[in-house]
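Hello,

Here is the structure we talked about passing on. My notes follow below it.

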Amino acid sequence: MTHETSLKKLNVWSLSLGCPKNRVDSERLLGSLGVPVNHVEHMGRADLVFINTCGFIDPAVRESVRAVLDAGQRLGSCKRKPLLVVGGCMVGRYGAEGLAEDLPEVDLWLPTAVLPLWPSMVADALGLPRPPESVPGGGRLLSTGPSYAWLKVGEGCRHNCAFCTIPSIRGGLKSLTAEHIVDEARALLGQGVRELALVAQDLTSWGADLGYKNGLPSLLEKLVGLEGLAWLRLLYLYPTGVNPELLQLIRDTGAPLLPYLDIPLQHAHPDVLSRMGRPFAGNPRRVLDTVRQILPQAALRTTFIVGYPGETEEHFESLCRFVEESAFQHVGVFAYYAEEGTLAATLPDQIPDEVKQWRRDTLMDIQADISERLLAAHVGSRMQVLVDAPHPEWPGLHSGRVWLQAPEVDGITYVSGPGVTPGALVECDIVENTEYDLTALA
């Protein structure tokens, strides 16, 4: 099905579900089509409706299916139907052919296995000229505003955690070259972005497939001196890759490299970690001890899975004590889902859903108290706030973040006062806190 489209501009309605890595894929696609893109709020006014799906766990798949069905229903009454394109991890997991049978309203499917071909596939379907194979700076059409951008440094994963679908969806580790990453970073900073947040399935593996033994520090050294960069943030660090060399680099470099580390531990009890196929099964505290010895001021974020097959009450109580003692700045907690095709789904002793949900809520209650206590320690201090966006309801009030708050996944800082505009980095007095948020005055 080919749609003839005006070359002057392309009206697009888009939705990117799931993680920031998906958002980068969406931004690269829309910035690489070879024509100016105009975002529209109503699907019926679009030439292209693009939905980038998530397929990591069952609730994400169901959300993705609902989004596609909703789009198909809303577009069914359009006199001139836009091209409905669906890409991302749901397509990579289940395959375009199988999905097309159940979702015939979709005009074009974009599997993750052919990410570099997405722009040409969409251009062909729209009747546009074939775009260039590569666009300087990655061809990103930013959707995050002027304050920050995600910078994806690779695809896939070289680990085989028993619960995870990512290697089967995205394949093995495929690092982007340092040259490509630096070029894209320069292009993003050239658009006025102040913060770059590095993302990959495992940042610490970057370059292993390119012949680097410990590549991430060398990549960071190439990025920290880029003009216009105020903050450089690291997310998704595999525990075994958080080594003294990386921590010493963060400590010795200082700004713009933030002492913010997202280290997904997934659990704390050796029995559960062993069943998960995770590192440090014997002593999950080891990585935290190393971080706090070398980088005591670090803000630590982690994630845990509760209700994993075979997790007993004793295992869960051990996890709760670990969280209480470790005092993480940020914690995400997920109830386990038995995902088809994973080893974990075949394990005995699966946990009832109501037990998993209770454990999740219990652990989040514990973390809420810790978060409130840690944030209260900043009240009365002066901190830099990176301003993200105006508040939708309160004139003069903006949402922003201090250095220990990552975009989209952590709490926010409400800020007002002179010089507070999106993209500004403003010295502020921290005047109040809640469980997860701060209030600041410039």
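**Domain 2 against domain 3**

Start with a salt bridge: the side chains of arginine 301 and aspartate 410 meet at 2.6 Å, N to O. The term means a side-chain nitrogen of Lys or Arg within 4 Å of a carboxyl oxygen of Asp or Glu. Across the interface of domain 2 and domain 3, the rule finds 2 salt bridges.

A word on the source. This is a predicted model, where local features need pLDDT of at least 70, side-chain atom pairs count only at pLDDT 80 or more, and totals for chains, interfaces and linings use all residues. Residues are numbered from 1 along each chain as its sequence is written, and side-chain values use heavy atoms, with hydrogens and water left out.

The protein splits into domain 1 (10–126), domain 2 (148–377) and domain 3 (381–441). These bounds come from an automatic or database domain assignment. The centres of domain 2 and domain 3, taken over C-alpha atoms, are 25 Å apart. Their contact (heavy atoms within 4.5 Å) takes 23 residues from domain 2 and 21 residues from domain 3.

The buried area between the two is about 2000 Å², and carbon and sulfur atoms give 61% of it. Buried area is the accessible area (1.4 Å probe) that two parts lose on being put together, summed over both. In domain 2, Tyr148, Trp231 and Leu375 lose the most area to domain 3. Together they make up 32% of what that side buries.

Which element gives the most to the side of domain 2 that touches domain 3? It is α13, with 7 residues. Helices (H or I, at least four residues) and strands (E, at least two) are DSSP runs, numbered from the N terminus.

**Aromatic pairs**

The count is 9 aromatic pairs. Rings of Phe, Tyr and Trp (its six-membered ring) pair if their centres lie within 6.5 Å; planes under 30 degrees apart are stacked, over 60 edge-to-face, the rest tilted. Phenylalanine 50 and tryptophan 118 are edge-to-face, 6.1 Å centre to centre with 70° between the planes. Phenylalanine 50 is in strand β3 (residues 48–53) and tryptophan 118 in helix α5 (residues 118–126), so the pair ties together parts 68 residues apart in sequence.

**Backbone points**

Most residues other than glycine have a negative phi, and most peptide bonds are trans. The bond from alanine 255 to proline 256 is cis, with omega near 10°. Proline 256 sits in the loop between α9 (244–253) and β11. Aspartate 349 is not a glycine, yet has a positive phi of about 60°. Aspartate 349 lies in the loop between β13 (330–335) and α13.

Best wishes
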